Amino acid sequence: AEAALRLIASRHGAAATAEAARVHGDAAAEALTALLSADPLKLLPAKVPVVGDWADPRLLPQLVLRDRARALPLAATGHVLTMLAMSKPGDVYAGVGVVRELCDAESLAEFGWALFRCWEANGAPSADSWALTQLGMLGDDETVRRLAPRIRAWPGEDGHARAVIGLDVLAALGSDVALAHLNGIAQRVRYKGLRTRAQQKIEEVAAALGLTADRLADRLVPDLGLDADGTLTLDYGPRRFVVGFDEQLRPYVTGEDGARRKALPKPAAKDDPALAPAAHKAFTALKKDARDVAADQLRRLETAMVTRRRWSAAEFRDLLAAHPLVRHIVRRLVWLADGPAGTAAFRVAEDGTYADAGDDAFALPADAAVGVAHPIDLGADLPSWGEIFADYAILQPFAQLGRPVRTLAGDERGGTRLERFEGVTVPVGAVLGLTRRGWERGAPQDAGIEGWISRGLPGGRRLVIDLDPGIVVGVPDMMPDQTLRAVTLVPDTETRRPPGTTSPRPGALALGDLDPVTISEVLADLAALTGRE
């Protein structure tokens, strides 16, 4: 209760909190005032934890002060460990804040990571899980880069609980890089339980900011320190290099001679001894971050094309076209502007201006809703767009202009099932591969069998593939072959079904009611799965 009152006071002020308590009498208000005026450094737990021998200050890096000329003595470092052990997420001992003010941030992050590694080497005992949560208090963006791969892997090593704590650490760090990695886990980690918890975390952060999860993701894309023109200049002293990005957001380096190279050269004897190593280290970190960001952004924009997502004109300009990193993808796509006057396609030119299918200047209406164009949207202008991109040698980040368009057969439009794909037997790995395209495995039924896989569609609908014999949870290759028993369009709530059921699904919907883009994408998934067109 005291912790809750202090939390309220930290957000609304001690005076306002005490006044709110006056409804319970003057004595309550005075007692609360006394509680809130106490020295926070004296607020100790009833039992101060004893730090185990595994966290020996002599085995950890020194905690360097901000002037980087002095370090804390071993005895003081031992007290820091006790402070961290007393702290919990959302209830951090005040002394930790003092330590953060006094010590160098990079030194704190390295100390915290070394402490975490000692805990891991000691078997990662759950009783000392503070060694993991402290990363959210002392860590930095480099901590995020090191921790995120571990969080992704832990569920496969019987470490789901540890992975969930890791999500709390990313949320506690709260930097753009930390939240970007958290969002990446929420979108594409292979363990459903962890993915769901990460999605909940992202939704909590988004709700606190008054945003949807998608709109928060737009704002979480790091700029990686790039200039306004989407490049980064690295200074070696006597020579300089400019970093650019290709259609897959892979960084490349251009030297003063104009030659393009994939990597930054190592510092040489004639280079500045301070600038060159720092620049080389910055490029190494940039490559790591760009690799993680690229996978998310390419998937996100391709998904936006398929799901028909729209941005306001201002959001498109500020969050996409003008973003130092994302702009490299934006310029390689064709976009749609939906407005009161109709729909028009355009692209973003190298200089940031907009152009239409005739390569003439295009004015984006301020009230337009902007989205990634699907080839179905381009109609008769599709060949013209293909010629423009070929003339300018623009390589696309994913299949857009050359994307195959598929349609329902005449007798399928009024039907509820895609019978041409039914009865086909495919490897279970191919079925599981659909999850990378937005499909979701069914809930386990009797004997832990997942009897279907489905894909959510616009309008509260879902396409469901009933499988025979079904996928065994935890041992998917136990049933190596899966037969597509039925492929049915149903309401989003009608997926639960006992394995082996052969009767038609209730509440099935007409396939012809789906929009052409959704139909084309679903048929593409099924064609890739079965080898049938």
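**Exercise 1. Classify the lining of the largest pocket in this predicted model by residue class.**

Solution. 
- Step 1: Sort the lining residues by class. The largest pocket has 18 charged, 15 nonpolar and twelve polar residues in its lining.
- Step 2: Locate the centre. The lining holds 45 residues, and the closest to the centre are Gln-187, Arg-195, Thr-435, Gly-438 and Trp-439.

**Exercise 2. Find which element gives the most to the lining of the largest pocket.**

Solution. 
- Step 1: List elements that supply at least two lining residues each. Among them are the helices H11 (176-188), H12 (192-208), H13 (213-220), H14 (275-307) and H20 (516-530).
- Step 2: Include the strands. S11 (440-441) and S12 (449-457) also supply at least two residues each.
- Step 3: Pick the top contributor. H14 gives the most, with seven residues.

**Exercise 3. Describe the second largest pocket by volume, centre, elements and class.**

Solution. 
- Step 1: Take the volume. The second largest pocket holds about 890 Å³ of space.
- Step 2: Take the lining. It counts 32 residues, with Ala-3, Leu-43, Asp-91, Val-92 and Tyr-93 nearest the centre.
- Step 3: Assign elements. Helices H1 (2-12), H3 (26-37), H4 (74-86) and H7 (130-133) each supply at least two lining residues. The largest share is that of H1, with six residues.
- Step 4: Split by class. The lining has 21 nonpolar, six polar and five charged residues.

**Exercise 4. Characterise the largest cavity.**

Solution. 
- Step 1: Count the cavities. Three reach 30 Å³ or more.
- Step 2: Take the largest. About 180 Å³ of space lies in it.
- Step 3: Find its centre. Of 18 lining residues, Ala-180, His-181, Pro-222, Val-293 and Asp-296 lie nearest.
- Step 4: Assign elements. H11, H13 and H14 each supply at least two residues of this lining. H14 has the largest share, seven residues.
- Step 5: Split by class. The lining of the largest cavity has eight nonpolar, seven charged and three polar residues.

**Exercise 5. Which residues line the second largest cavity, and how do they divide by class?**

Solution. 
- Step 1: Take the volume. The second largest cavity has about 50 Å³.
- Step 2: Name the lining. Leu-408, Leu-418, Leu-457, Leu-463, Leu-511, Leu-514, Ile-519, Val-522 and Leu-523 form it.
- Step 3: Find the main source. H20 gives the largest share, three residues.
- Step 4: Classify. The lining has nine nonpolar residues, no polar and no charged ones.

Note on methods:
Residues numbered from 1 in each chain as written. Predicted model: local features only at pLDDT ≥ 70, side-chain atom pairs only at ≥ 80, totals over all residues. Heavy atoms only, no water. 1 Å grid on protein atoms, 1.4 Å probe; cavity = no way out; pocket = protein on both sides within 12 Å on 5 of 7 lines; lining within 4 Å. Helix = DSSP H or I, 4+ residues; strand = E, 2+ residues; numbered from the N terminus. Nonpolar A, V, L, I, M, F, W, Y, C, P; charged D, E, K, R; others polar. Points joined across faces, edges and corners; volume = space filled by probe spheres on them.
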